[in-house]
Amino acid sequence: MTATSSLGGHAKKHKVTVVGSGNWGSTISKIVAENTREHPDLFEETVQMWVYEEEVTIPAKSAHHDASDPDKKHKLTELINTLHENVKYLPGIDLPPNVVANPSLQDAVRDSSILVFNLPHQFIANVCKQLKGHILPFARGISCIKGVNVTDDGVSLFSEWIGDGLGIYCGALSGANIASEIAAEKWSETTIAYDPPPMDNSRNPTPRSRSPVNPGFDLSITAADGAAVHRDARGRASKTRLTPVPPEYPPLDHDTFSQLFHRPYFHVSMVSDVAGVSLGGALKNIVALAAGFVDGRGWGDNAKAAIMRVGLMEMVKFGKEFFGETVETGTFTEESAGVADLITSCSGGRNFRCAKMAVERGVSVEEVERTELNGQMLQGTSTAREVNSFLKARGKEREYPLFTAVIGILDGKYEVDDIPSLVAKSAHVSVKH
Ligand SMILES: NC(=O)C1=CN([C@@H]2O[C@H](COP(=O)(O)OP(=O)(O)OC[C@H]3O[C@@H](n4cnc5c(N)ncnc54)[C@H](O)[C@@H]3O)[C@@H](O)[C@H]2O)C=CC1
Ligand SMILES: O=C(CO)COP(=O)(O)O
């Protein structure tokens, strides 16, 4: 990746806001802020980071810890803006000074054309409600959220849900990305799916350019006049009419997003399968809990590998069954957002570690989350519950025996020892290619 871009010469630059500032939100802000500095032709240097304001103490592992007054409370935003460290959610890591912590959501997103959503999925509905009417109509989003949105009507991706709710297009970023490793600049890969719909331009066809990184990708969204018909990840038309990005701005395409997120220690693969990328990130958290359960039981690597194998089958099956042909099996088996995320999450992720500790200590996963994570939040427990209620309503629990075993264990209906016989049925899980 070069420091200068071939997309220069535009009168305006993209302003970037990261909505969220936890362990991953702060890490992504660091990455993005390093890149806005390196690509001044594309981006404004300052990166706004919306922070859910809290009063915090400075922990001993921070270089700024004051042993003479360890209980002194500070506003988290003020600490971030003066110390350039998120002492609560990413202690010990220097944030670039061009990351500006902002406790006001509406002020943080003002005039931003790129919105990066990065917060636990439990909070996204409330946050989007507050954002409505306060963002640029031509803004584009990237969701880094690992979870799915389940309602009585069905299951949807947060990227779709954010996009439809705010009237913008939203892609997804996911991968084998344990935040603390990336914050320490240890090499990893990620997958970004970005696939805005073609413009509704039948009376005035716009020539479609092809992205060099993904030859099938349609870039016409920034070039055509008028609004676009929005199609979600399953190809359904929705009421949302997209506003084109004005021509004064650099186009928002694979190249630009790659320049925003790619670092020497964080390698980006751009794809178009938003559903596959989002589902991989959400569903692997359920599997990681199961891996933690068997590890906590002391069963070793073979058992964990079996969990990953069955888990991957159920992830692909779920994608194919409920999101149809738009989901590519290769996203699960070849991309960082699929199998690689599954492996890292089942090795060292928080869901894995908390589930393991819960079995070792004979307490609930929620209790470990409360006592060990210092405000960080597991996504696997709520995703397991949401996915189960969706499957149960459709009489499909038995077709997803590992997902069903996990919720059964969380609810005390099953023991970890039940897993082998429960997933033995998965010999019958078939995936339609
Ligand atoms: N931490 C990691 O290694 C990775 C996390 N992710 C995903 O990133 C997303 C964000 O997770 P993290 O940054 O890790 O968060 P976190 O679990 O570290 O932190 C919790 C966050 O929630 C915020 N919060 C608490 N109460 C809130 C409220 N009422 N309203 C709004 N925000 C509130 C806190 O301020 C904090 O920023 C999740 O979907 C997660 O699955 C993805 C890849 C890696
Ligand atoms: O998504 C992650 C790694 O890719 C992090 O998973 P946890 O939320 O389980 O830590």
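**View 1. The shell around ligand 1.** In this predicted model, 24 residues surround ligand 1, the closest being Gly22, Asn23, Trp24, Lys146 and Ala179; a residue counts as near a molecule if its C-beta atom, placed from the backbone, lies within 6 Å of it. Helix α1 (residues 23-38) supplies the largest share of this shell, three residues, where helices (H or I, at least four residues) and strands (E, at least two) are DSSP runs numbered from the N terminus. By class, the shell around ligand 1 has 11 nonpolar, 12 polar and one charged residues, with Ala, Val, Leu, Ile, Met, Phe, Trp, Tyr, Cys and Pro taken as nonpolar, Asp, Glu, Lys and Arg as charged, and the others, Gly among them, as polar. Because domain 1 (14-272) and domain 2 (275-428) both give residues to the shell, ligand 1 lies between them; the domain bounds come from an automatic or database domain assignment.

**View 2. The shell around ligand 2.** Ligand 2 is surrounded by 13 residues, of which Asn177, Asp341, Gly349, Arg350 and Asn351 are the closest. The elements that give two or more residues to this shell are α8, α11 and α12 (350-361), and α11 gives the most, with three residues. Three residues of the shell around ligand 2 are nonpolar, seven polar and three charged, and at least three are drawn from each of domain 1 (14-272) and domain 2 (275-428).

**View 3. The contact between the domains.** Here 29 residues of domain 1 are in contact with 33 residues of domain 2, two residues being in contact if their C-beta atoms, placed from the backbone, lie within 7 Å. On the side of domain 1 that touches domain 2, at least two residues each come from β8 (148-151), β9 (154-157), α5 (158-166), β10 (169-174), β11 (188-193) and β14 (266-271), and the largest share, four residues, comes from β11.

**View 4. The packing of α8 and α11.** Helix α8 (residues 274-296) packs against helix α11 (residues 336-348) at an angle of about 30°, with the axes 9 Å apart; axes are lines fitted to C-alpha atoms, for helices over the stretch in contact, and angles run from 0 to 180 degrees between N-to-C directions. The two helices are therefore roughly parallel to each other, a term for angles under 35 degrees. Among the residues that make the contact are Gly280, Gly281 and Ala288 of α8 and Asp341 and Leu342 of α11.

**Conventions.** Residues are numbered from 1 along each chain as its sequence is written, while chains are lettered from A and ligands numbered from 1 in the order in which they are written. Local features need pLDDT of at least 70 and side-chain atom pairs count only at pLDDT 80 or more, whereas totals for chains, interfaces and linings use all residues.

Definitions and conventions
Angles under 35 degrees count as roughly parallel, over 145 as roughly antiparallel, 65 to 115 as roughly perpendicular and the rest as oblique.
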